[in-house]
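Please keep the sequence and the 3D view open as you read.

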Amino acid sequence: MSLSALKGPGEVETEILFSRIGGYSGAFLVVEGDDDSRFFRGRITRNACEIVIAGGKPAVEGGIQRLDAKQFRGALGVCDDDCASLNGCRLPSTNLIYTESRDLDASLVRSSALERLLAEYGDSHAIKRFEEKHGAVRDNLLRIALPFGQLRWLSARDGIGIGFSNLRPFRFIKPNWSFNPDELFDAAANQVAMDMAKLKALVDTLPTVDPWLVCQGHDLIDILAIGLRRGTLGSRNPGSEQIAAILRASLDNADWLASQLAKNIRQWEANNAPFRVL
């Protein structure tokens, strides 16, 4: 665990205030963790913006709200949406922005970075055969990841308490990407001593929404890893961590600046001149 993972709202606030007192006059971009920092490091304007790594979403939100209470200017927090918009939650500060998909990794899978990853690690013939039979890789990723995302959403929304460390896609998805969601629902129901039919009925009550706001990035990347390792999309084994790193590096600048997240950051810059992030 990195030291940044231990930072709470108070530590985030103190770090920024001390930096300002020390003479730094630029903007602060507060992110949830190390992976987010790696994504933004090459995309901020270095002399105008400093990245602050917090210990998760509550630390970002809490730190920004503490700074708001002091009428501090120049700090922007970026967090994963994590179904907040689906649950009707409003951003607690004008100095906070949520990702346009459920999280940053999902946004990267949604972007052209996926095609660049597949070009590097996939087998073009295997991908063509797969897409001729089943449709686009991206659509199948969403389809397979959706039941995992729905369970995560339901569990968090209703306080069901399902633990997902033992419910990763590697346990349920076959090498050819076949998947029986009932096996996932049964394992989840057993974990919380609930009848599987009741759990499925609860999942069925979830509204039909944009699946990019439901599917979690880690699940999408694990499913990609299964496809790339076991022949569906190729036979190389970059592993989930490497896939995430390649996706972060593969998003080109034009696609990044066209994303809703970048546009929202630009809007924050316009509302908070002269502070600059990008």
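Leu199 has a relative accessibility of 0%, so it counts as buried (buried means under 20% relative accessible area, exposed over 50%, and partly exposed in between, with a 1.4 Å probe and protein chains only). Before going on, a word on the source: this is a predicted model, in which local features need pLDDT of at least 70 and side-chain atom pairs count only at pLDDT 80 or more, while totals for chains, interfaces and linings use all residues. Residues are numbered from 1 along each chain as its sequence is written, and side-chain values use heavy atoms, with hydrogens and water left out.

Leu199 sits in helix α9, residues 196-204 (helices are DSSP runs of H or I with at least four residues, strands are runs of E with at least two, and both are numbered from the N terminus). Setting aside neighbours within four places in sequence, Leu199 is in contact with Leu151, Leu154, Ile162, Phe185, Ala188, Ala189 and Met194 (contact means heavy atoms within 4.5 Å). Asp186 is 13 residues away from Leu199 along the chain, and their C-alpha atoms are separated by 8.6 Å.

How do α7 and α9 cross? Their axes come within 10 Å, at an angle of roughly 90° (axes are lines fitted to C-alpha atoms, for helices over the stretch in contact, and angles run from 0 to 180 degrees between N-to-C directions). That makes α7 roughly perpendicular to α9 (angles under 35 degrees count as roughly parallel, over 145 as roughly antiparallel, 65 to 115 as roughly perpendicular, and the rest as oblique). On the α7 side the contact is made by Gln150, Leu151 and Leu154, and on the α9 side by Leu199, Leu202 and Val203. By class these residues are five nonpolar, one polar and no charged (Ala, Val, Leu, Ile, Met, Phe, Trp, Tyr, Cys and Pro count as nonpolar, Asp, Glu, Lys and Arg as charged, and the others, Gly among them, as polar).

Gln150 of helix α7 is also worth a click. Leaving aside neighbours within four places in sequence, Gln150 is in contact with Val203, Leu206 and Val214.

The axes of helix α10 (residues 217-229) and helix α11 (residues 240-250) come within 9 Å and cross at roughly 110°, which makes α10 roughly perpendicular to α11. Here Ile221, Asp222, Leu224, Ala225 and Leu228 of α10 meet Ser240, Ile243, Ala244 and Leu247 of α11. The contact of α10 with α11 has seven nonpolar, one polar and one charged residues.

## The nonpolar cores

In soluble globular proteins, nonpolar side chains tend to be buried together. In this model the largest nonpolar core has 74 residues, of which Phe40, Trp177, Ile265 and Val277 touch the most other members (a nonpolar core is a set of buried Ala, Val, Leu, Ile, Met, Phe, Trp, Tyr and Cys residues joined through side-chain atoms within 4.5 Å). Helix α7 (residues 137-158) gives the largest share of this core, nine residues. Not counting residues up to four places away in sequence, Trp177 touches a set of residues including Phe130, Leu141, Ile144, Ile223 and Leu233. Apart from this core lies another, of 17 residues, among them Val12, Ile64, Phe72 and Cys79.

## The loop between β3 and β4

Asp81, Asp82 and Cys83 are found in the loop between β3 and β4.

| Residue | Relative accessibility | Class |
|---|---|---|
| Asp81 | 3% | buried |
| Asp82 | 34% | partly exposed |
| Cys83 | 1% | buried |
| Thr99 | 5% | buried |

What lies 3.0 Å from a polar atom of the Thr99 side chain? The backbone nitrogen of Asp81 does. The side chains of Asp81 and Ser85 are joined by a polar contact of 3.1 Å (a pair of N or O atoms within 3.5 Å; within protein, one must be able to donate a hydrogen and the other to accept it, and residues adjacent in sequence count only if both atoms are side-chain atoms).

Phi of Asp82 is near 50°, a positive value in a residue other than glycine, and Cys83, not a glycine either, has a positive phi of about 70°. Elsewhere, the peptide bond from Ala273 to Pro274 is cis, with omega near 10°.
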